[in-house]
Amino acid sequence: MSTPKFTRTIEDFVCGHCGRRVLGNGYTNHCPYCLWSKHVDINPGDRNEQCGGMMRPISIEKRGENYFINQRCERCEFRRKNSFHAGDNFNVLLELAQNL
């Protein structure tokens, strides 16, 4: 099985969950304030997914020094894992960890 092709898409957006304006850098795949995203990609960055449901952060994982946000689509239940980045809200990550 081949690795899905990544398409760098630089775009700003307004978070569909918290309403904050997010400045994209081409690698932005979730809101850094609330950690939610939108189900818009089939392969990372392609914007070909028609679902458009909101992706709820449901849990976290830690591998080495890296954190990952597990998300589930509120519409179709698709699951995705996103990397936690330095500019993301660490307090929200800690809240997710407490709910495990």
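Predicted model: local features only at pLDDT ≥ 70, side-chain atom pairs only at ≥ 80, totals over all residues.

User: In what order do the elements of the chain run from the N terminus on?

Analyst: The chain has one helix and six strands. Reading from the N terminus, the order is β-β-β-β-β-β-α.

User: What is the radius of gyration of the chain, and what would a compact globule have?

Analyst: The C-alpha trace spans about 35 × 35 × 25 Å along its principal axes. A compact globule with 100 residues would have a radius of gyration near 13 Å, and the chain agrees with this, as its own value is 13 Å.

User: What percentage of the residues of the chain count as buried?

Analyst: A residue is buried when its relative accessible area is under 20%. The accessible surface of the chain comes to about 6600 Å², and carbon and sulfur atoms hold 48% of that. Of the 100 residues, the share that counts as buried is 33%.

User: Among contacts between residues at least 6 apart in sequence, what percentage join residues at least 24 apart?

Analyst: A contact means heavy atoms within 4.5 Å. Taking the contacts between residues at least 6 apart in sequence, the share that joins residues at least 24 apart is 34%.

User: Which strand supplies the largest share of the lining of the largest pocket?

Analyst: The largest pocket has a volume of about 700 Å³. Of the 34 residues that line this pocket, T28, N29, D41, R47 and R80 are the closest to its centre. Strands β1 (13-14), β3 (37-38) and β6 (79-83) each give at least two residues to the lining. The largest share, five residues, comes from β6.

User: How many residues of the lining of the largest pocket are charged?

Analyst: Asp, Glu, Lys and Arg count as charged. Sorted by class, the lining of the largest pocket has 13 nonpolar and 14 polar residues, and the number of charged residues is seven.

User: Where is D41 found, and is it buried or exposed?

Analyst: D41 is found in the loop between β3 and β4. Leaving out residues up to four places away in sequence, D41 touches D46, R47, N48, E49 and R80. With 13% relative accessibility, D41 counts as buried.

User: What is the relative accessible area of V40?

Analyst: V40 has its place in the loop between β3 and β4. Not counting residues up to four places away in sequence, V40 touches D46, R47, N48, E49 and R80. V40 and V22 are 18 residues apart along the chain, and their C-alpha atoms are separated by 16 Å. V40 is partly exposed, and its relative accessible area is 24%.

User: What phi does R47 have?

Analyst: The place of R47 is in the loop between β3 and β4 (54-63). R47 counts as partly exposed, because its relative accessibility is 31%. R47 is not a glycine, yet its phi is positive, at about 55°.

User: L35 also has a phi worth checking. Is L35 buried or exposed?

Analyst: L35 is found in the loop between β2 (21-22) and β3. Although L35 is not a glycine, it has a positive phi of about 70°. At 0% relative accessibility, L35 counts as buried.

User: What volume does the second largest pocket have?

Analyst: The residues that line the second largest pocket include V22, L23, T28 and N29. By class, its lining divides into five nonpolar, five polar and one charged. The volume of the second largest pocket is about 170 Å³.

User: Is L23 buried or exposed?

Analyst: L23 lies in the loop between β2 and β3. Not counting residues up to four places away in sequence, L23 touches D12 and T28. L23 and F13 are ten residues apart along the chain, and their C-alpha atoms are separated by 6.8 Å. L23 has a relative accessible area of 64%, so L23 is exposed.

Note on methods
Residues numbered from 1 in each chain as written. Heavy atoms only, no water. 1 Å grid on protein atoms, 1.4 Å probe; cavity = no way out; pocket = protein on both sides within 12 Å on 5 of 7 lines; lining within 4 Å. Points joined across faces, edges and corners; volume = space filled by probe spheres on them. Helix = DSSP H or I, 4+ residues; strand = E, 2+ residues; numbered from the N terminus. Rg over C-alpha atoms; globule rule 2.2 N^0.38 Å. Buried < 20%, exposed > 50% of the residue type's maximum accessible area, 1.4 Å probe, protein only. Areas by Shrake-Rupley, 256 points an atom, 1.4 Å probe, with all protein chains shown as cover.
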